[in-house]
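Dear colleague,

I am handing over the structure below, and after it you will find my notes on what turned up in it. Please read them with the coordinates open beside you.

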Amino acid sequence: MACKCGGCYYTLNAKVSFDRDSMKNRNFLLRNVSVIRMFTNGFFRSKWRSVAGNRRIISMDAREKSRSTILESSKDKRVPIFVMMPVDAFSFDASGRPRIRKIKALTVSLKALKLAGVHGIGVEVWWGIVERSSPFDYSWSLYEELFKLISDSGLKLHVALSFHSNIHSSNGKGGVSLPLWILEIGDVNKDIYYRDQHGFSNNDYLTLGVDQVPLLSGRTALQCYEDFMVSFVDKFESYIGSVIEEISIGLGPSGELRYPAHPFGDGRWKFPGIGEFQCYDKYMMKDLKMAACRERKPQWGDRGPQNAGCYNSLPSGVPFFEEGQESFLSDYGRFFLEWYSGRLICHADAILAKAAKILNKYQENEQTSVMLVAKIGGIYWWYQTISHPAELTAGYYNTALRDGYDPVVSVFSRHGAALHIPYSLFQRKG
C-alpha cells in the first residue's frame with residue numbers, strides 16, 4: 001500500500017511466532033537480536049550515545065552477533081491461521097451485563113471456519129468487561145460461554161488481555177471502555193491518563209506514570225494488571241495449553257507498546273501528522289524532573305520539547321526533528337528521548353515479567369505450554385527522514401542514526417515473548 005506523504009517507507013504485517021520446539025527454550029531470541037543491559041536506576045540508557053557528526057548507528061546487527069540465535073524453519077510445518085473475533089460481537093443488556101450477540105450465527109460461522117482450515121480464533125479479553133463495576137469483582141461469564149463455544153467447534157484460542165479502551169476506534173459499534181470504577185477515579189484525577197502539551201487527555205489507557213503509584217483503590221496500575229492476569233489463569237487453567245495456545249499481553253493503546261501520540265478517534269490527529277509527545281500528566285512530569293536532576297540539568301525537567309510542532313505538523317520546518325542545535329541530536333534531545341523511550345521499555349519489562357512468572361508453571365510441561373505474545377505499533381510514516389518523528393513521539397527512539405527497536409525486542413526476548421507486529425492502517429487507532 002503506497003501513500004503520498006513522501007516520508008512513508010513500508011508497512012509490516014507479520015506476527016513472529018515459534019513452534020513448540022522453540023518454546024522449550026524460554027530465552028529464545030529473534031534473528032540477530034542481542035541481549036543488552038539497559039537499566040540504571042529505572043532509567044533507560046543506551047550502551048553509548050550516537051554522535052551526529054560521526055553518523056554512527058546503534059544497530060542490533062552490529063553488536064554481539066555471536067549471541068544471536070537463528071531459528072530454523074521447516075517447509076513441512078504449517079502456519080496456523082487465527083481469525084479475530086469481530087469488535088461488535090459483544091454488547092451489554094439493560095442491566096449492564098455483557099452478552100454475546102447473534103450467538104446462533106456465531107456458532108455457524110465458527111463451524112464454517114473450522115471446515116475452511118482455520119486453526120483458531122483471536123479473542124480480546126477486556127479489562128473493562130471483566131472487572132467492570134468495582135475492584136476485584138471479576139465476572140468471567142461472557143468468556144466462559146465464548147471459550148466453550150469456540151472449543152466445541154474444534155478451534156484453538158489466541159487470547160489478548162486488553163487493558164485499553166476501544167471506544168474512540170469502534171465508531172460506536174461494540175466499544176468497550178476502561179472499567180467504570182477506573183473512569184470514576186479519572187473523573188476526579190485526569191492525570192491517571194496520558195496528557196499532551198495542551199493538557200488534553202484521553203481515557204483509552206492509563207499513563208505509565210501510575211504504574212507504581214497506588215491511586216486505583218489502593219493498587220498501582222501494575223498490581224491491577226497482575227491481579228487480572230492471575231484471575232484469568234485461575235479461571236481458565238483447564239484451557240491453557242490445550243485450547244488456549246497463545247496469550248497476548250496488552251501494553252498500551254490498542255494493546256501496543258507505545259504512547260497514544262496519534263489519537264485518531266477524537267480528531268486531534270490526521271495521517272500523516274508527526275504526532276505529539278505524551279508525557280504531561282503530573283506523574284510522568286515528576287519522573288522527568290527526577291531524571292533531569294540525576295543528569296545535573298534540572299532545567300531539562302520542566303517540560304518536554306517546546307519546538308516539536310503539533311499533531312498534524314510535517315517534519316520540515318519543525319526544529320526538534322531537523323539537524324539544528326536544538327534538535328533531537330542535541331544533548332537535551334538525546335536526554336529527553338532516552339528518558340521517554342526508556343520509561344516505555346520499563347513499562348513493558350515490568351508487565352511482561354509478571355506475565356512470564358504467572359505462566360511459568362505451564363511452560364514446564366509441553367502439553368500445557370502456552371506462547372506469551374506482546375505487540376508493538378507499526379509506526380511507519382516519515383521513516384525516510386533522518387529523525388523518524390512519528391516513531392519518536394510514539395516512544396520508539398529509532399532514527400536514521402539509531403536502532404530503537406533492539407532494546408524493545410530484547411525485553412520481549414528476555415521474558416520469552418513472541419513479537420506481534422500488526423498491520424498498520426492510515427487511520428491509526430490512538
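The loop between strand 13 (371-376) and helix 9 (389-394) is where Trp382 sits, and this residue takes a positive phi of about 70° although it is not a glycine. Its relative accessibility is 7%, so Trp382 counts as buried, the cut-off being under 20%. Please keep in mind here, and in everything that follows, that this is a predicted model. His388 lies in the loop between strand 13 and helix 9 as well, and it too is a non-glycine residue with a positive phi, in this case of about 50°. With a relative accessibility of 3%, His388 counts as buried.

The peptide bond leading from Phe271 to Pro272 is cis, and its omega is near 5°.

As for the protein as a whole, it contains ten helices and 14 strands, and 55% of its 430 residues are buried. Among the contacts with a separation of 6 or more, 75% are between residues 24 or more positions apart.

Helix 4 spans residues 141-152, which is twelve residues, and from its first C-alpha to its last it reaches 17 Å, close to the 16 Å expected at 1.5 Å a residue. Which residues of helix 4 are buried? They are Leu142, Tyr143, Leu146, Phe147, Leu149 and Ile150. Because these residues cover an arc of only 160° around the axis, they lie on the same side of helix 4. Just after helix 4 comes Gly154, with a positive phi of about 80°.

The packing of two other helices may also interest you. Helix 8 (residues 331-363) and helix 10 (residues 405-414) pack with their axes 10 Å apart and at an angle of about 10°. Since angles under 35 degrees count as roughly parallel, helix 8 is roughly parallel to helix 10. On the side of helix 8 the contact is made by Ile345, Ala348, Asp349 and Leu352, while helix 10 contributes Pro407, Val408, Val411, Phe412 and Arg414.

The C-alpha atom of Arg334 is separated by 9.3 Å from that of Tyr397, although the two residues are 63 residues apart along the chain.

Finally, I would point you to Ser91, which is placed in strand 5 (residues 90-92). Is Ser91 buried or exposed? Its relative accessible area is 17%, and because buried means under 20%, Ser91 is counted as buried. Leaving aside residues up to four places away in sequence, Ser91 touches Arg97, Pro98, Arg99 and Arg101.

Note on methods. Residues are numbered from 1 along each chain as its sequence is written. This is a predicted model: local features need pLDDT of at least 70, side-chain atom pairs count only at pLDDT 80 or more; totals for chains, interfaces and linings use all residues. Side-chain values use heavy atoms; hydrogens and water are left out. Helices (H or I, at least four residues) and strands (E, at least two) are DSSP runs, numbered from the N terminus. The expected span of a helix is 1.5 Å times one less than its number of residues. Buried means under 20% relative accessible area, exposed over 50%, partly exposed in between (1.4 Å probe, protein chains only). The arc is that of the directions from the helix axis to the C-beta atoms. Axes are lines fitted to C-alpha atoms, for helices over the stretch in contact, and angles run from 0 to 180 degrees between N-to-C directions. Angles under 35 degrees count as roughly parallel, over 145 as roughly antiparallel, 65 to 115 as roughly perpendicular and the rest as oblique. Contact means heavy atoms within 4.5 Å.
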